[in-house]
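Subject: Structure handover and findings

Hello,

Here is the structure you were expecting. Please open it alongside this note, and then read on for what was found.

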Amino acid sequence: METYLYTALFAPLVGSLFAALFADKPKNLVTGIATSTLLLVSWISSVVLLLHVAHGEEVHVKLMDWIHAGGLVIPFGFVVDQVTATMMFVVTTVSTVVHVYSIGYMDHDKSFNRFFAWLSAFVFSMMVLVMSDNFAGLFIGWEGVGLCSWALIGFWYHKESASWAANEAFIMNRIADLGMLIGIFLVYWNFGSLQYDVVFEQVADKEHGLLMMVTAFLFIGAMGKSAQFPLHTWLADAMEGPTPVSALIHAATMVTAGVYLVIRANPLYSAVPEVSLFVASLGAFVAMFAASMALVNRDLKRIIAYSTLSQLGYMFVAAGVGAYWVALFHLMTHAFFKALLFLGAGNVMHAMDDELDIFKMGGLAKKMQWTMVLMTIASVALAGIYPLAGFFSKDKILEAAFASDHYILWTVLWITAGLTAFYSFRLVMLVFFGEERYKIFGFHPHEAYRFMLWALAPLAVLAVIAGFFEHNFVHMIEHILPIEEHHISALTFWTLIVVTQAIALGGIGFAVYKYSKGGFSKKWEETFVYQLLFNQYYIPKIYDEYICKPYGELSKIFWKDLDLKVVDATVDFIATTIYKSGMVSRVVQSGNLSNMLRWMGVGLLILLLAAIFYSPVR
Amino acid sequence: MDHILSVLVFFPAIAGLLGFVVSKESIRAYGLSVAAIEFLLSLWLWLSFDGSYPGFQFVEVLPLIPSFGINYYLGVDGISLFIVVLSTFITLIGLIALNVEKDLKNMIISLLFLEMTMVGVFVALDAIVFYVFWELSLVPMLYIIGAWGGNLRIYAAIKFFLYTFAGSLIMLVGMLVMAYLYYQATGVWSFSITEWHRLILPENYQIWLFVAFFIGLAIKVPMFPFHTWLPYAHGQAPTIGSVILAAVLLKMGTYGLVRLPLPMFPDASVYMIYPVAILSLIMIIYTAMVAYAQEDMKQVIAYSSISHMGVIVLGTFAMNPEGIAGSVFFMLSHGIVSGALFMLVGVIYDRRHTKLMSEFGGLAHVMPRYGTIMGIMVMASVGLPLTMSFVGEFLSLAGFYQVSHTMTILAGTSIILGAVYMLSLYKKSFFGEVTKEENKNLKDLNGKESMALWTLVLVTVWLGVYPKPVLEPINTSVESLVSFMHKKAITKEAKEVIKPKVIEREAE
Amino acid sequence: MFEAMAFYFFSAVTIVMFWITVTSKNALYSMSALAAGMIMISGFFFLLDADFLGVVQIIVYTGAVMALYAFGMMFFDTTREVKENIRAPKLVFLLSGMTALLLVIAFVAPIVGDHIEALYPMVEGVENPQAVGIVLFTKYLVPFEVAAVMLLVAMIAGIILAGKKMDESLTLKIDDEFQEKGVQ
Amino acid sequence: MLEPISVSMESLNLGTLAPMLVAIAGGLGILIIDLIKKDLDKTLYVMLSILILVVDLGAVFGQRIGDRGFFDVMLIDGIAVLSQIVILAASMLFIPLALTSRRFHEFSYPEFFALFLFMVAGFQFMVASDNLILIFVGLETASLALYTLIALHNRERSFEAAIKYFVMGALAAGFYVMGAMIFYALTGSVELYKIAEVLEAGEFANMTILLVGVSFMIAALGFKLSMVPFHTWTPDVYEGASATLAGYMSVVPKIAGFVVAMRIFGFLIQSDVVWVRDILYAAVVITMTLANIMALVQHDVKRMLAFSSISHAGFVMAAIMIGTTQANSALFLYWIMFLFTNLGAFAMLWVSRHKDKIWHDRFDHPYEKFSGMIQIKPVGAVIMALFMLSLAGVPPFSLFWGKLYVMSAAVNSDYIVLALIMAINSAISVYYYLKLIVYMFLKDPTQNEGTIYAQNTSKPLQTIIGFSAFLTVFAIVAVDPILEIITTYVQASGF
Amino acid sequence: MITLSHYLILSAILFGIGLVGVYRRKNLLLLLFSTEILLNAVNIGFAAISKFYGDLTGQMFAFFIVAVAASEVAVGLGLMIVWYKRRGTLDIDTMQSMHG
């Protein structure tokens with residue numbers, strides 16, 4: 001099995017390096033094909049591993065020692081257990097699809113080769129992240145995906161907004177990474193190791209306060225990567241990157257790393273309900289918060305991005321209430337339909353010459369039939385309508401929240417479900433149906449390449465059927481994650497389903513109704529609420545005004561006023577004072593003999609005065 | 001070979017002297033061959049080094065002023081070995097990428113002399129010999145900055161020289177006091193550092209001496225309020241000067257901290273952890289912010305150097321093997337990475353004769369290979385895992401975490417702030433459209449530059465992925481150093497703070 | 001009594017003379033006063049039983065030195081009033097006055113001389129020049145000879161400095177070609 | 001009546017006089033040769049002088065340490081021998097510098113060499129006696145000869161220098177005799193060992209008067225050693241004198257002065273007269289610092305070196321103030337190291353001496369003159385830089401070891417603050433030495449002709465400079481043996 | 001009764017007068033006069049001490065001081081002559097080409 005493990009892990013790296021060789025060469029289809037093939041290889045290995053571990057086995061290997069200093073020993077160790085295998089499956093599946101899709105999507109881009117190099121590098125980092133058997137290895141992947149995300153968001157670096165978004169994403173993530181790093185230090189100094197198994201064994205012996213600190217700091221890391229409030233702004237801006245990137249990184253995989261971390265560290269989190277509750281509450285808050293922003297946004301990709309954010313909130317709720325397997329399950333299904341949604345959006349963008357304003361679209365269904373179908377499937381799944389994948393996972397989350405007596409959370413999530421359904425179909429309606437507004441703006445939409453659509457097929461299929469594998473999933477995952485038994489009556493169970501379905505369908509219905517009639521009136525756009533939501537609660541502005549600008553100004557002050565005018569000037573002042581005192585004291589050296597003689601006299605007089613009036617004790 | 005260290009020290013100097021004879025046309029080849037031989041010698045030193053033995057190896061002793069206890073005493077251990085290798089390596093790389101036309105001969109000869117002094121500092125085990133090389137290193141550097149630098153070069157060069165010289169003189173007084181105390185204790189004059197290590201002093205003496213040594217070393221590092229010479233020196237120095245200054249000369253300071261005050265004054269070191277840590281924190285955060293405000297690419301990197309040196313100092317004062325080994329490793333990685341960054345800035349400066357970020361933009365379009373390497377090095381500087389810097393930074397911070405949680409969190413902001421200024425540098429210069437006409441036809445890296453830079457990239461990644469061959473000997477020596485300090489410490493607090501290995505920790 | 005009277009008399013005259021020497025604007029007065037002061041000092045020497053010294057004082061100072069000075073004055077044409085631009089005269093008097101005052105303060109206190117023994121005692125009945133001669137040519141022969149060398153040096157110095165050869169400076173002459181015999 | 005005095009020749013111990021007699025006889029010989037045949041070449045006199053100095057040096061080595069001679073007037077102790085060696089070595093290095101390729105006035109006089117030898121003899125007497133009379137006479141002999149030597153350079157500035165030096169010297173002589181008179185008044189003796197004995201026996205009863213006397217002595221010797229504020233002549237005289245003589249003056253009269261100071265203040269410090277210690281402490285610090293900061297603002301290298309030599313003298317005075325054996329040994333070590341470096345530096349100036357003032361209407365050696373020297377005359381520049389670095393105390397050049405040892409002596413006697421002040425002063429001093437290096441190495445040349453830095457050069461000069469440079473660089477090898485000898489000698493003299 | 005102190009005080013006063021001259025005089029020749037006064041003042045002291053201690057050494061010293069004074073005059077005049085020849089004045093204030 002080790003071979004499969006290493007194949008799964010290193011195949012993307014090989015592909016990445018191979019593509020990197022051609023990075024500054026003109027487009028070469030080989031890079032796309034090679035990387036996609038290698039990813040397929042990786043996918044196959046992952047599937048093999050998944051099947052292998054499905055029955056409770058575990059593959060654990062140690063490649064080599066990485067860092068060894070003092071008592072700190074960090075190996076390059078990899079473990080494939082059920083959680084990892086699931087993650088690997090998700091990652092490789094989505095990324096294979098994205099790779100193939102990108103061959104078409106990036107067809108005309110001059111940096112075609114570079115794109116594949118980075119994309120594969122991302123997959124490799126993600127694999128390291130999920131496969132590592134220790135926190136440090138996790139951190140490698142963590143930073144690695146951050147790097148790749150930076151490079152891919154800023155892929156079109158000639159665009160100011162893209163490079164800005166890339167840096168924002170990286171720096172935001174870094175803030176969180178600091179928390180994560182501190183968490184790792186805490187783990188090391190208190191558990192003496194960074195290996196998961198060693199650490200988790202000792203959980204029972206450790207103080208509660210300590211565990212709280214550890215989990216809190218680790219969660220700060222997760223907040224950054226999974227773009228939770230208040231570190232969420234980068235995700236929307238990250239949509240500057242090419243759409244396959246958004247699909248892969250900012251929907252399916254990287255952003256879920258935070259969830260993965262919480263799931264992975266579940267022994268720690270289960271031991272501290274306070275932090276778990278916080279995780280869940282924050283998740284619920286973000287779910288609603290993001291959904292609300294998605295309601296009014298006009299940007300095709302940003303809407304999807306907010307929906308991602310919202311769904312991540314769901315996952316955290318699940319993880320927070322202890323239903324780790326549900327979180328993982330939702331993570332998986334979400335990856336499929338969200339990637340599908342994004343890639344569909346990519347098709348639309350392509351057709352619309354990278355126009356993103358959904359109000360400039362409309363009626364595209366005629367031109368882009370298949371895309372419309374795919375995106376609708378994804379939207380339905382996202383809305384959580386039976387029998388698509390989204391239904392199973394989302395419903396479980398609501399159920400878990402309800403069952404753990406967190407009714408407020410449940411309510412929030414329930415409302416959010418309605419909002420989700422609404423904005424999803426708002427998007428579908430505005431893009432594909434209604435008036436053909438694109439004609440006003442002179443676009444000539446066309447359907448994407450056939451093979452790109454075929455590439456999306458697996459995702460579509462998975463988005464539809466993944467939910468039915470719930471039991472297999474549970475069966476597999478129970479080897480590693482706690483499967484809690486809900487003690488809710490069948491009646492409540494069914495009521496919950498019905499209520500949820502109702503609000504989701506209601507949302508869809510409202511959207512369809514409203515937008516088939518031409519949407520809301522202009523007045524609505526002038527209301528405070530609309531403005532608040534449209535400006536993302538003014539949070540980016542606040543960050544810019546109260547953090548970025550003061551930081552820049554403070555830096556300037558530090559440099560110009562403090563470093564140059566105080567610290568350096570002090571040094572120079574000492575030097576010039578000495579020099580000036582030389583200038584002053586050269587007066588002694590007047591060159592006039594009379595003065596020189598008098599100076600001797602002065603010297604003598606001083607000595608005599610000292611002789612007579614200064615008499616130290618002998 | 002018993003005298004390999006002497007050979008290592010004096011080979012470049014002798015070669016430098018002979019270099020006067022070599023004709024102007026062939027001097028580059030000459031310099032390269034000498035540097036290459038020197039580098040191979042240092043590699044040989046590494047290969048014949050026994051990584052599992054913590055003490056000093058290849059020791060050479062030759063009396064110089066026996067009546068006063070001054071000996072020509074050389075030796076390497078895991079801590080100094082790699083800095084020696086780094087010195088020879090960076091000199092070689094610097095020479096490969098050297099892009100100077102004016103007075104090339106003088107430049108190469110001074111570089112060779114500089115190499116002698118650098119190696120000398122790191123292998124010296126006699127305080128006076130250490131001091132000799134330490135001071136001597138200023139002279140060629142003064143010349144390099146002053147003769148090939150920018151407009152303010154003379155100011156910068158003098159500032160550099162005077163500042164360091166003043167500091168080291170205070171250190172010299174400290175050394176003399178130390179020798180005297182040693183004489184009082186044993187009746188024998190000795191300037192041997194290893195002998196000094198064995199001398200146990202009362203705490204108040206330790207503190208004063210620590211301060212004396214610390215001032216001298218801190219100026220070189222450069223620690224916070226003493227750092228202002230560095231931006232000038234870097235800003236004005238030619239590329240090769242900055243490279244060596246950042247890569248090796250600054251390391252003298254931090255190396256000195258590990259070699260001198262720590263084992264000599266363990267109690268004072270523990271006593272001073274907080275003041276030093278606060279200075280380091282100011283250094284980390286404040287200079288990172290100042291770096292962000294810079295308009296000149298080179299100044300950004302110069303200030304970033306200071307910021308990173310802060311982490312190194314912090315790691316040194318962690319007083320546990322993790323921190324110290326980490327900081328020693330960070331010295332190496334900082335040497336490679338900042339050296340590479342300065343070299344990269346030099347590349348663009350050679351082409352455009354400006355370093356202002358506002359003059360650039362979109363360089364990634366015009367010079368993709370250059371942009372790639374710069375990107376890698378920027379990321380390495382930011383401390384991305386699997387680059388050398390991460391190992392060092394991680395260990396340094398991890399080590400210091402044991403001393404103070406809050407301070408480590410504050411120090412950890414370096415990974416954020418570092419990203420802030422480095423990425424904004426990268427964005428301003430490399431991203432965006434090419435706006436300036438002059439930038440449109442810039443040539444990408446040439447063969448020399450590529451070779452030098454890719455080598456550095458390879459090393460950065462190699463030691464980031466597999467630091468073991470370097471980290472292990474360092475760790476061996478550092479562990480013995482820390483347990484030595486632990487044993488030597490006289491106060492209870494110091495005994496508590498200085499933590500040898502985990503196992504020993506638990507045994508007590 | 002005679003001693004005291006003589007002392008005070010000589011003292012007064014000497015002080016006045018020297019005061020004139022240092023303050024007079026007329027160089028001739030100044031020199032004459034100096035000569036007179038010197039003679040008065042020789043008076044002290046006789047008073048102090050240092051006959052030999054007294055004679056030397058008169059011969060060397062009042063004779064030789066004064067003659068030299070007189071020659072110098074003629075040469076330098078300083079017989080008439082000397083114009084001197086004296087800056088900060090108060091400072092001058094403060095400095096010297098304070099110095100003298102402090103010296104006086106120091107000397108007023110009697111010297112405790114318990115442990116002093118004369119190395120070369122004045123023997124009763126031996127004439128002073130004789131005694132001096134003996135000491136000078138035994139103990140102080142070396143300084144005496146060195147003094148001779150010193151006088152030789154002074155003589156040579158005076159001769160070559162005042163000599164004609166100094167009028168044309170080789171140092172200032174620009175000589176571009178080096179002559180092998182160029183020492184002259 | 002007096003009894004006849006019988007003196008045995010052995011008790012006179014004429015060997016103690018031999019070195020000085022050699023020098024005096026040599027001087028007279030040169031005068032006689034000049035009388036017999038005029039217009040002999042200066043090379044002859046140079047070589048004769050060197051030979052005489054060699055014989056002189058031989059005689060010094062022949063002296064037995066601890067001898068007193070000639071009714072105890074002569075005192076040949078370790079420091080006397082050491083300082084004579086330094087004096088003679090410096091003289092031997094100095095004299096060949098007369099062999100320049102340009103003509104200068106002073107060397108056209110055979111009397112120059114005679115006076116020079118008399119001066120050397122004067123210094124030798126000064127250091128080889130503890131009789132205040134002989135010290136005085138020797139000092140005056142040497143000084144009067146020196147004034148003349150300065151003036152013989154024969155330009156207006158050198159006369160000015162000589163006159164200033166002379167007048168101030170006369171005042172200092174007045175101070176000296178006043179000091180001596182007070183010592184005599186207190187002890188009835190003019191011999192230092194006797195003075196010390198009497199004072200010890202009287203338990204320093206007349207402290208105030210004694211201190212007044214010491215004040216005068218400090219003033220007098222302070223003038224010789226150019227301690228602030230008695231230093232004012234130094235820069236002017238160095239500037240007016242020829243570079244070579246300035247170099248000589250910065251070394252030889254001072255070592256003689258140091259020895260006298262050691263003799264006079266040594267016993268006072270050893271008998272714990274704290275006042276002397278404190279005053280010297282202050283004087284040392286002021287001298288070092290003030291001279292240093294004044295040197296910072298100079299425009300002329302020679303004048304800068306003048307101030308720097310004041311500062312170095314202050315540094316070394318500290319050794320006398322400390323007064324331990326190590327300190328006194330350090331003094332000699334320092335001065336031997338200083339000798340080569342400083343003479344070398346002045347010789348470099350001498351080599352580049354121009355008769356026409358190209359760079360400055362006042363100075364012969366303004367900093368601008370040396371700008372870009374590395375490109376025109378690299379070897380010269382490197383050697384000059386070596387001397388500058390050595391003077392600055394950059395290791396491993398000669399003066400560093402002197403500084404190290406003096407500072408160590410300070411530290412070992414618990415004068416840590418003093419050591420720190422010394423360190424700071426060294427740091428300040430670096431600036432002005434560096435300034436020359438900056439001009440030489442870092443600035444662009446103003447002239448392109450290589451000969452401008454070697455106007456005055458000749459083989460002997462190059463040899464001397466090369467020799468000095470060699471010693472400057474490889475001083476480390478010599479430190480230990482020299483130190484050993486010095487320590488033995490110093491210990492033998494009871495310091 | 002005239003004691004040693006009387007003489008010493010006289011000596012001190014004369015020394016002070018000499019100092020006045022040295023500090024005050026601008027004419028080199030007259031300045032040289034003043035230095036003679038300094039030496040003479042000390043000579044009185046030496047002679048007096050010699051008398052009161054009954055020791056000849058003081059007289060010896062005085063004798064040598066006289067010799068030194070004479071030599072100084074010779075050298076001093078020589079220097080003044082060369083200076084006068086060049087500049088035609090003995091005023092100190094004209095002698096300031098070197099300063100700073």
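One definition comes before the findings. A residue is called buried if 20 or more other C-beta atoms lie within 10 Å of its own, exposed if 12 or fewer do, and partly exposed in between; the C-beta atoms are placed from the backbone.

This is a predicted model, in which local features need pLDDT of at least 70, side-chain atom pairs count only at pLDDT 80 or more, and totals for chains, interfaces and linings use all residues. Residues are numbered from 1 along each chain as its sequence is written, while chains are lettered from A and ligands numbered from 1 in the order in which they are written.

**Backbone points in chains C and D**

Start with C:Ala88. Its phi is positive, about 45°, although C:Ala88 is not a glycine. C:Ala88 sits in the loop between α3 (51-76) and α4 (89-108) of chain C. Helices here are DSSP runs of H or I with at least four residues, strands are runs of E with at least two, and both are numbered from the N terminus. C:Ala88 counts as partly exposed because it has 14 C-beta neighbours inside 10 Å.

D:Asp272 is another non-glycine with a positive phi, of about 65°. Its loop runs between α11 (243-270) and α12 (274-296) of chain D. Is D:Asp272 buried or exposed? D:Asp272 counts as exposed, with 11 C-beta neighbours inside 10 Å.

Chain D also has cis peptide bonds to check. One joins D:Val228 and D:Pro229, with omega about 0°. D:Pro229 is in the loop between α9 (207-224) and α10 (233-240) of chain D. Another cis bond runs from D:Pro395 to D:Pro396, with omega near 0°. D:Pro396 lies in the loop between α16 (378-392) and α17 (398-412) of chain D.

Strands β1 (residues 59-69) and β2 of chain A run antiparallel and are joined by 9 bridges. Two strands pair if DSSP finds at least two bridges between them. A:Val61 has A:Phe78 of β2(A) as its bridge partner. The two strands form a hairpin with 2 residues between them, and A:Gly70 in the turn has a positive phi of about 55°. Strand β2 (residues 72-80) of chain A has 8 of its 9 residues buried, so it is largely enclosed by the rest of the structure.

Now look at A:Thr84, in helix α3 (residues 82-105) of chain A. A:Thr84 is buried, with 27 other C-beta atoms within 10 Å. Not counting residues up to four places away in sequence, A:Thr84 touches A:Val79, A:Val130 and A:Met131. Touching, or contact, means that the C-beta atoms of two residues, placed from the backbone, lie within 7 Å. A:Tyr515 is 431 residues from A:Thr84 along the chain, and their C-alpha atoms are separated by 42 Å.

**Chain B: a helix pair**

Helix α10 (residues 229-236) of chain B packs against helix α15 (residues 297-316) of chain B at an angle of about 140°, with the axes 9 Å apart. That makes α10(B) oblique to α15(B). Axes are lines fitted to C-alpha atoms, for helices over the stretch in contact, and angles run from 0 to 180 degrees between N-to-C directions. Angles under 35 degrees count as roughly parallel, over 145 as roughly antiparallel, 65 to 115 as roughly perpendicular and the rest as oblique.

From α10(B), the contact uses B:Leu230, B:Pro231, B:His234 and B:Gly235. From α15(B), residues including B:Ala302, B:Tyr303 and B:Ile306 take part.

**Between the chains**

Which chains share the most contacts? Of the 8 pairs of chains in contact, it is chains C and E. Here 62 residues of chain E are in contact with 74 residues of chain C. On the chain E side, α1 (4-24), α2 (28-53) and α3 (57-87) each give two or more residues. The most come from α3(E), with 22 residues.

The closest C-alpha atoms of chain B and chain E lie 24 Å apart, and no contact joins the two.

Best wishes
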